[in-house]
Structure formats: structure tokens, C-alpha cells
Amino acid sequence: MLIGKILIALSLVFAILCFVFVAIAIVQAFTKKAAKKYFLLSVLYLVACAASFFSSAKLSEQAYQNDCDAVRLRHLLYYGHLIEAYKNAVGKYPFEGEGQQACAFVCNNKQREYCADTNPYPHIQKSPAEFFSELEQGLGYRIDQCFDPQYVPSGRPLFYIYMIDGEQYFFAVHLAKKYPFSKKVAPKYYKCEISNMSDAAYQFYTVEELEKDAAFQKVAGKHVGGYFELREKQHIREYE
């Protein structure tokens with residue numbers, strides 16, 4: 001973040017210098033040689049300004065996505081604990097026994113327009129409200145409703161996915177970076193997934209396995225700013 005601020009400051013300096021040299025070039029227009037010199041300097045600083053803005057924007061986006069990933073992974077663990085608590089209370093996982101695969105997108109109302117159901121297999125699509133209602137009925141108490149921090153996708157889906165297929169459930173979040181515990185889906189798009197049955201080949205993990213993973217702890221335990229807490233509170237009771 002500090003590097004990004006420095007680059008923004010430099011870009012402003014370059015922009016000011018660019019306009020200064022353009023002004024000087026105009027004033028010195030009567031001397032063709034001087035005008036050419038200052039014009040070339042203004043172009044040089046304009047290019048430097050654009051490069052600084054681009055670099056600062058790229059670094060800012062990377063820093064933002066790093067923070068988003070930390071929040072996403074905390075949410076993954078949060079929902080994993082709720083799902084396992086539901087199983088202990090009810091004796092089965094949410095929507096288990098529906099007769100076919102059941103899925104639910106965990107998204108808020110600002111994200112729903114970007115949640116297209118592309119599952120090619122026969123399945124029952126549950127709404128976010130149905131997902132939360134099912135969990136709360138089984139647990140016997142209200143739960144916080146947590147969502148991806150982004151409102152608009154930038155290279156990857158911005159919803160979480162819960163799926164039950166037979167007796168095995170899956171819950172996935174979508175990440176911007178590669179981690180030892182994530183699997184690549186596309187450039188700048190990775191997935192971390194939990195299940196009640198671990199599979200090293202396909203990188204499914206149980207909640208207990210992820211909790212003990214040092215790399216996971218490091219990322220999920222990262223401190224993020226109050227912006228993320230504010231956004232979380234805005235949707236904590238989205239479907240009530």
C-alpha cells in the first residue's frame with residue numbers, strides 16, 4: 001500500500017512538470033529550438049505520469065485482492081463450522097436427501113445479477129435465502145450472513161458455492177492468488193474448497209485440515225481494514 005501511495009505522488013509530480021514544460025514551450029515558441037526541447041520534456045513527463053498511474057493502480061488492486069482473499073478464507077472456515085454444526089444437530093448436511101445434487105449460491109442482492117447457474121448436471125438450485133433458512137432451522141439460532149467483499153466481478157466469480165451430492169458436501173470460495181491450499185481455475189482465478197471428505201488429488205479439505213494448515217492460517221489471519229468490516233455489517237442480515 002505504501003508503494004502505491006508513493007507511485008501516486010510521483011505521478012502527480014510528473015503531471016505538474018508536464019504542464020509546466022508545456023507552458024514553457026508555448027512561451028518559448030518564438031525560439032524553435034527551445035520550444036522543441038520543452039515539448040519533448042513535457043511528452044517525457046506525460047509518459048512517466050501515465051506509467052506511474054498504471055503501476056499504482058495495479059499495485060492497489062493487488063493489495064485490495066490480497067485483503068479480499070483473507071476475508072474470503074475466513075468466511076470459508078466460518079461456513080465450514082456452521083455446516084458441521086448443522087450435521088451434528090440434524091444428523092445430515094443441509095439439503096442432503098433431496099434426491100439429486102443440490103446447490104446454493106451464497107451472494108447478496110448486489111451480487112445476484114452476476115450469479116449465472118452454469119452447472120451442466122441435473123440439480124436443484126437453492127436460493128441464498130433458502131440456504132440461510134435451512135442452516136438456521138437446523139442450528140436453532142440466527143447466523144451472520146457473510147459474502148464476498150466485492151460487488152462486481154474482476155476476473156472470477158464473486159459468490160460462494162455450497163453443494164451437496166449424495167452424502168458429500170462442498171463449499172467453495174474464489175480467490176485472486178495462488179496459495180498452497182488453492183487450485184487454479186484460470187489466470188488470476190483460484191478456488192479453495194472444503195468438504196466432509198478430503199481428497200489430496202482434487203484439493204478438497206476438511207475444516208480441521210485447513211485450520212491446522214500454517215499457510216492457510218497466515219493468509220486467513222491477516223488483519224484487514226475497517227472497510228471490510230463495514231461492508232460485512234451492511235449485509236449481515238441480508239435475507240431476513
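Predicted model: local features only at pLDDT ≥ 70, side-chain atom pairs only at ≥ 80, totals over all residues.
Me: How many residues apart are K183 and E193 along the chain?
Reply: They are 10 residues apart, and 8.8 Å separates their C-alpha atoms.

Me: Is K183 buried or exposed?
Reply: K183 counts as buried because its relative accessibility is 18% (the cut-off is under 20%, with a 1.4 Å probe and protein chains only).

Me: What is K183 in contact with, beyond its neighbours within four places in sequence?
Reply: K178, Y189, Y190, K191, E193, Y202, Q203 and F204, where contact means heavy atoms within 4.5 Å.

Me: Which strand does K183 lie in?
Reply: K183 is part of β5 (strands are DSSP E runs of at least two residues, numbered from the N terminus).

Me: How does β5 run relative to β6, parallel or antiparallel?
Reply: β5 and β6 run antiparallel, joined by 3 bridges; strands pair if DSSP finds at least two. In β6, Y189 is the residue opposite A186.

Me: What sits between the two strands of that hairpin?
Reply: There are 2 residues between β5 and β6, and K188 takes a positive phi near 60° in this hairpin.

Me: Changing topic, what volume does the largest pocket have?
Reply: About 470 Å³. A pocket is an open set of points on a 1 Å grid, with protein on both sides within 12 Å along at least five of seven lines; lining residues have an atom within 4 Å of a point.

Me: Which residues are nearest the centre of the largest pocket?
Reply: F105, N119, I161, M163 and K191, out of 21 lining residues.

Me: Which strands supply at least two residues of that lining?
Reply: β1 (102-106), β3 (160-165), β4 (168-175), β5 (183-186) and β6 (189-195) each do.

Me: And what lines the second largest pocket?
Reply: Its lining has 10 residues, with E61, Q62, Q65, R156 and K188 nearest the centre. The second largest pocket holds about 240 Å³ of space. K188 is also the residue with the positive phi in the hairpin of β5 and β6.

Key:
Residues numbered from 1 in each chain as written. Heavy atoms only, no water. 1 Å grid on protein atoms, 1.4 Å probe; cavity = no way out; pocket = protein on both sides within 12 Å on 5 of 7 lines; lining within 4 Å. Points joined across faces, edges and corners; volume = space filled by probe spheres on them. Helix = DSSP H or I, 4+ residues; strand = E, 2+ residues; numbered from the N terminus. Buried < 20%, exposed > 50% of the residue type's maximum accessible area, 1.4 Å probe, protein only.
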